Amino acid sequence: MKMILCFVCFGFFAAFVFDINSIFISKVRKKAFTVILDIIYCVSMFCVFFCLLVGYSHAQMRYYYFVLCVVGFLLENSTVHKM
């Protein structure tokens, strides 16, 4: 149960950070800034996801880990994002 909650919370957190990233990008409309922020976002989310994989399954990727992250992402988009 702890693992399920952890991956759903990670998906929620990733969507929340994505929203903040989008706000910054909309305020500063420079292409170089957008590319840099997107790369930083993708690399940081990959590192956190990989650390979760190592912690819970010794880096064995299971399909349901990805599904749980997507569920958390969609949950944030359907609730907090609309505010």
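**Talking through the model**

Mentor: Let us begin with one residue, and keep in mind that this is a predicted model: Phe24 has a relative accessible area of 47%, so Phe24 counts as partly exposed.

Trainee: Okay, and where is Phe24 placed?

Mentor: Phe24 is in helix H1, and if we leave out residues up to four places away in sequence, Phe24 touches Phe33 and Leu37. Phe24 and Leu37 are 13 residues apart in sequence, and their C-alpha atoms are 8.7 Å apart in space.

Trainee: Which residues make the nonpolar surface patch?

Mentor: The patch is made by Phe16, Ile20, Phe24, Val28 and Phe33, and it covers about 410 Å². Helix H1, which runs over residues 2–27, gives the largest share of the patch, with 3 residues.

Trainee: What about Ile20, is it buried, partly exposed or exposed?

Mentor: Ile20, which is also found in helix H1, counts as partly exposed because its relative accessibility is 34%.

Trainee: Let me step back a bit. How many helices and strands does the protein chain have?

Mentor: The protein chain has 3 helices and 0 strands, and when you read along the sequence the pattern is α-α-α. The C-alpha trace spans about 40 × 25 × 15 Å along its principal axes.

Trainee: And what share of the residues count as buried?

Mentor: Of the 83 residues in the protein chain, 28% count as buried. The chain exposes about 6,000 Å², and carbon and sulfur atoms supply 77% of that area.

Trainee: What about contacts between residues that sit apart in sequence?

Mentor: If you take the contacts between residues at least 6 apart in sequence, 70% of them join residues at least 24 apart.

Trainee: Can we look at a residue with contacts like that? What does Asp19 touch?

Mentor: Asp19 is found in helix H1, and once its neighbours within four places in sequence are left aside, Asp19 is in contact with Glu76, Asn77 and His81. Asp19 and Val80 are 61 residues apart in sequence, while their C-alpha atoms are 9.6 Å apart in space.

Trainee: Why does Asp19 count as buried?

Mentor: Asp19 has a relative accessible area of 13%, so it counts as buried, given that the word is used for values under 20%.

Trainee: New topic, then: how many aromatic pairs are there in the whole structure?

Mentor: A search of the whole structure finds 8 aromatic pairs. In one of them, the ring centres of Phe7 and Phe49 are 5.9 Å apart and the planes are at 80 degrees, so this pair is edge-to-face. Phe7 lies in helix H1 and Phe49 lies in helix H2, which covers residues 31–57, so the pair ties together parts that are 42 residues apart in sequence.

Trainee: Are those two buried or exposed?

Mentor: Phe7 is buried, because its relative accessible area is 0%, and Phe49 also counts as buried, at 15% relative accessibility.

Trainee: What kind of aromatic pair do Phe46 and Phe50 form?

Mentor: Phe46 and Phe50 form a stacked pair, at 6.2 Å centre to centre and with 20 degrees between the planes. They are 4 residues apart in helix H2, so about one helical turn separates them. Phe46 counts as exposed, with 54% relative accessibility, whereas Phe50 counts as partly exposed, with 39%.

Trainee: Which residues do ring pairs link into a cluster?

Mentor: The cluster is made of Phe7, Phe10, Phe49, Tyr56, Tyr64 and Tyr65, which are linked by ring pairs.

Trainee: Last topic, cysteines. How many disulfides does the search find?

Mentor: The search of the whole structure finds 0 disulfides. For Cys51, the nearest cysteine sulfur is that of Cys47, and it is 6.6 Å away, whereas a disulfide would need the two sulfur atoms to be within 2.5 Å. Cys51 is exposed, with a relative accessible area of 54%.

Definitions and conventions. Residues numbered from 1 in each chain as written. Predicted model: local features only at pLDDT ≥ 70, side-chain atom pairs only at ≥ 80, totals over all residues. Heavy atoms only, no water. Patch = residues over 30% accessible without salt bridge, like charges linked within 9 Å, V, L, I, M, F, W, Y side chains within 5 Å. Areas by Shrake-Rupley, 256 points an atom, 1.4 Å probe, with all protein chains shown as cover. Salt bridge = Lys/Arg side-chain N within 4 Å of Asp/Glu carboxyl O. Helix = DSSP H or I, 4+ residues; strand = E, 2+ residues; numbered from the N terminus. Buried < 20%, exposed > 50% of the residue type's maximum accessible area, 1.4 Å probe, protein only. Phe/Tyr/Trp six-rings, centres within 6.5 Å; stacked < 30°, edge-to-face > 60°. Contact = heavy atoms within 4.5 Å.
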